[in-house]
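Trainee: I would like a close look at a single part of this structure. Please take it step by step.

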Amino acid sequence: MISIDPNQLSAQDNYKLLIGSVVPRPIALVTTLSDAGVLNAAPFSFFNVVASNPPMISVAVQRKQGVQKDTARNANAKGEFVVHIADENYIEALNQTAALVPPDVSEVELANLTAVPSERISVPGLLEAGIRMECLLEQSIPLGGTADEPACDLLIGRVVYFHFSENVYDNGYVIANSLKPVARMAGNDYVKLGEMFSIVRPK
């Protein structure tokens with residue numbers, strides 16, 4: 001085994017080891033609204049489930065030198081956001097939303113995605129995604145870095161409404177083969193859903 005002390009590495013080197021090790025990672029495309037009414041969209045692969053009662057999910061939004069990204073700033077200001085699961089049907093457009101643009105530019109328009117109204121919150125969702133979840137901000141936790149310059153904002157969202165394309169939902173279950181989810185690897189690499197297998201859990 002090669003053993004490494006993260007305290008002896010730069011933040012960038014630790015980042016490379018993390019994103020190369022924790023794979024594949026699900027991708028959340030998050031939409032938020034700015035105070036000026038601009039619909040922001042950005043993808044995040046530091047994303048997962050938190051709880052089911054009530055349903056909650058987490059998205060960690062990295063900062064740059066302590067400065068919040070549009071997603072975290074908007075989510076904190078409005079208290080709501082929409083999470084979309086990455087899938088093959090719109091992965092190229094999703095990738096376009098990662099462009100570094102000013103806050104007054106909508107990545108939704110840039111990527112030619114289609115905004116649709118939400119049911120319970122003011123932030124629109126995106127028509128192209130097979131799954132989207134309307135979220136209220138349960139907690140926003142600054143983490144890492146220093147007290148003056150946190151490294152990220154951990155957004156905990158409480159899901160208040162689910163939306164599923166008809167082909168991915170069947171009687172309370174999500175059909176993964178129909179969803180065709182896409183996950184993140186390191187660098188510019190992504191993966192599609194591969195071979196699935198089952199193992200019975202011990203009692």
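Is arginine 73 buried, partly exposed or exposed?

Mentor: Arginine 73 is partly exposed, with a relative accessible area of 34%. The cut-offs are these: buried means under 20% relative accessible area, exposed means over 50%, and partly exposed is in between, with a 1.4 Å probe and protein chains only. A word on the model before we go on. It is predicted, so local features need pLDDT of at least 70, side-chain atom pairs count only at pLDDT 80 or more, and totals for chains, interfaces and linings use all residues. Residues are numbered from 1 along each chain as its sequence is written, and side-chain values use heavy atoms, with hydrogens and water left out.

Now the partner. The side chain of arginine 73 meets that of aspartate 70 in a salt bridge, at 2.4 Å from N to O. A salt bridge here is a side-chain nitrogen of Lys or Arg within 4 Å of a carboxyl oxygen of Asp or Glu. Aspartate 70 counts as buried, at 15% relative accessibility. Both residues belong to helix H2 (residues 70-78). They are three residues apart there, so about one helical turn separates them. Helices (H or I, at least four residues) and strands (E, at least two) are DSSP runs, numbered from the N terminus.

The structure holds five salt bridges. Let us look at others. Glutamate 88 and lysine 192 meet through their side chains at 3.9 Å, N to O. Glutamate 88 lies in the loop between S6 and helix H3 (91-96), and lysine 192 in strand S14 (residues 190-192), so this pair ties together parts that are 104 residues apart in sequence. Glutamate 88 is partly exposed, at 28% relative accessible area. Lysine 192 is exposed, at 59%.

Glutamate 138 and arginine 158 form a salt bridge too, at 2.8 Å from N to O. This pair links distant parts of the chain: glutamate 138 is in strand S9 (residues 131-143) and arginine 158 is in strand S10 (residues 152-164), 20 residues apart. Glutamate 138 is partly exposed, at 37% relative accessibility. Arginine 158 is also partly exposed, at 29%.

The largest nonpolar core has 20 residues, and Val59 and Val83 have the most contacts inside it. H2 is one of the elements that give two or more residues to this core; the others are strand S2 (28-33), strand S3 (39-44), S5, S6, S9 and S10. A nonpolar core is a set of buried Ala, Val, Leu, Ile, Met, Phe, Trp, Tyr and Cys residues joined through side-chain atoms within 4.5 Å. In soluble globular proteins, nonpolar side chains tend to be buried together. Valine 59 touches Val83, and also Ala28, Val30, Phe44, Phe46, Phe47, Asp153, Leu154 and Leu155, leaving out residues up to four places away in sequence. Contact means heavy atoms within 4.5 Å. Apart from this core lies another, of 19 residues, including Ala41, Tyr90, Ala93 and Ile121.

Stay with S6 for a moment. Histidine 84 sits in this strand, residues 80-85. Histidine 84 is buried, at 0% relative accessible area. Beyond its neighbours within four places in sequence, its contacts include Ile27, Thr31, Tyr90, Ala129 and Arg132. A polar atom of its side chain lies 2.8 Å from the backbone oxygen of leucine 29. A polar atom of the side chain of histidine 84 also lies 2.9 Å from the backbone nitrogen of leucine 126.

Glutamine 65 is in the loop between S5 and H2. Its phi is positive, about 50°, although glutamine 65 is not a glycine. Glutamine 65 is exposed, at 71% relative accessible area. Asparagine 171 also has a positive phi, near 50°. Asparagine 171 lies in the loop between strand S11 (169-170) and strand S12 (173-174), and is exposed at 69%.

Last, the backbone bonds. Most residues other than glycine have a negative phi, and most peptide bonds are trans. The bond from asparagine 53 to proline 54 is cis, with omega near 0°. Proline 54 is in the loop between strand S4 (47-52) and strand S5 (55-62). A cis peptide bond also joins valine 23 and proline 24, with omega about -15°. Proline 24 is in the loop between helix H1 (11-21) and strand S1 (25-26).

Note on methods. Polar contact = N/O pair within 3.5 Å; in protein donor to acceptor, adjacent residues only side chain to side chain.
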